[in-house]
Amino acid sequence: MTEDVVPVMRIGDTLLVALQGDLDDTTVIRIEEQLTREIANTSATGMLIDVSRLSVVDSFIARVLARIVAMVRLLGAQAAVVGIQPAVAITLVELGVPMGHLDTALTAEQGLALLQRLRRDDTGTDLP
Amino acid sequence: MTTGSFTNHEPDVFGIGHEADLIRVRKVLRAEAETAGLNLVDATKLITAGSELARNILNYATGGRGRIRVEQIHREGRRGVRATFSDDGPGIEDIDAALTDGFSTRGSLGLGLPGAQRLVDDMTITSDTTSGTTVVIVKWER
């Protein structure tokens, strides 16, 4: 499947993706495939995944989000998840989804600054 | 375990057998959570727990099929939502193990059942290898 599922905006070297709506598992997987392609096909060095319009993130969606971030890193770029709603964050922590290793920011603007910092700090070693 | 009584509000009952039903389950739970006056955090927890349980049916039940029933409940002046997920098999062999974090027969994170349990006020599982599995979750308004 190669058709695009989500619109991806480019700001400088960073790709900005805003997820929205109620996502079923197939859609989530297709988004993962699309974003991996986008990073591989562009010279983007960062990706911000905006989840502020997701009112539900269950363990599957969370797991795929973490996988997308890991893949972006493998492809030599940095990724951060921005805008997790407070109710979603509380739910994810209680659900027990391990997301502590994800770089996150409250807003897209803070996310851009975070990516800048990650790029600067990126000396080839894994960040905690 | 019985919690509360029915109201005249008709329960939502429908089959689960396709991925699109994940979205329907979330939508119905959201509407019922609103009716019961659950706050945003509690509604989100209930919807997420329901999403996990519906996915369990798709992934583990015979033919990936099952049913859900969602209803309003009342107890001592408090309102709540009860959702009952049932399937016709094959049943959970070891419920205690299935309720343990990290236990999975499918290579997933194994958070489905124990995670759902943490998100609701009450969760009961009945399961045997002849009649299948029923999981009942309850969330009360604060």
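Residues are numbered from 1 along each chain as its sequence is written, and chains are lettered from A and ligands numbered from 1 in the order in which they are written. In this predicted model, local features need pLDDT of at least 70, side-chain atom pairs count only at pLDDT 80 or more, totals for chains, interfaces and linings use all residues, and side-chain values use heavy atoms, with hydrogens and water left out.

**View 1. The open sheet of chain B.**
Five strands of chain B form an open sheet with antiparallel pairing, in the order β1-β2-β3-β5-β4. Strands (E, at least two residues) and helices (H or I, at least four) are DSSP runs, numbered from the N terminus. Two strands count as paired if DSSP finds at least two bridges between them. Strands of a sheet pair through backbone hydrogen bonds, either parallel or antiparallel. At the edges stand β1 (12–16) and β4 of chain B, each with a single partner strand, so one side of each has no neighbour in the sheet. On average, neighbouring strands are turned by 15° against each other, direction ignored. Axes are lines fitted to C-alpha atoms, for helices over the stretch in contact, and angles run from 0 to 180 degrees between N-to-C directions.

**View 2. Two helices on the sheet of chain B.**
Helix α1(B), residues 20–35, packs on the sheet and touches β1, β2 (66–75) and β3 of chain B. Its direction makes about 165° with that of β1(B). Helix α2(B), residues 40–60, also packs on the sheet, touching β1, β2, β3 and β5 of chain B. The direction of α2(B) makes about 175° with that of β5(B). Contact means heavy atoms within 4.5 Å.

**View 3. Strand β5 of chain B and its partners.**
Eight of the nine residues of β5(B), residues 132–140, are buried (under 20% relative accessible area; exposed is over 50%, partly exposed in between; 1.4 Å probe, protein chains only). β5(B) pairs with β3(B), residues 78–87, in the antiparallel sense over seven bridges. In this pairing S86(B) stands opposite T134(B), and R82(B) has V138(B) as its bridge partner. β4(B), residues 122–128, also pairs with β5(B) in the antiparallel sense over seven bridges, with S127(B) opposite T133(B). A hairpin of three residues joins β4(B) to β5(B).

**View 4. A hairpin in chain A.**
Strands β1(A), residues 8–11, and β2(A), residues 14–20, run antiparallel and are joined by four bridges. I11(A) stands opposite T14(A). Two residues lie between the strands of this hairpin, and G12(A) in the turn has a positive phi of about 60°.

**View 5. Two helices of chain A side by side.**
The axes of α1(A), residues 25–41, and α2(A), residues 59–74, come within 10 Å and cross at roughly 10°. The two helices are therefore roughly parallel to each other (angles under 35 degrees; over 145 is roughly antiparallel, 65 to 115 roughly perpendicular and the rest oblique). Residues in the contact include V28(A) and L35(A) of α1(A) and F60(A) and M71(A) of α2(A).

**View 6. The buried face of helix α3 in chain A.**
In α3(A), residues 86–95, the buried residues are A87(A), V88(A), T91(A), L92(A) and L95(A). They fall within an arc of 130° seen down the axis, so they line one face of the helix; the arc is that of the directions from the helix axis to the C-beta atoms. These residues pack against α2 of chain A together with α2 and α4 (112–119) of chain B. P86(A) and V93(A), on the other side, are exposed.
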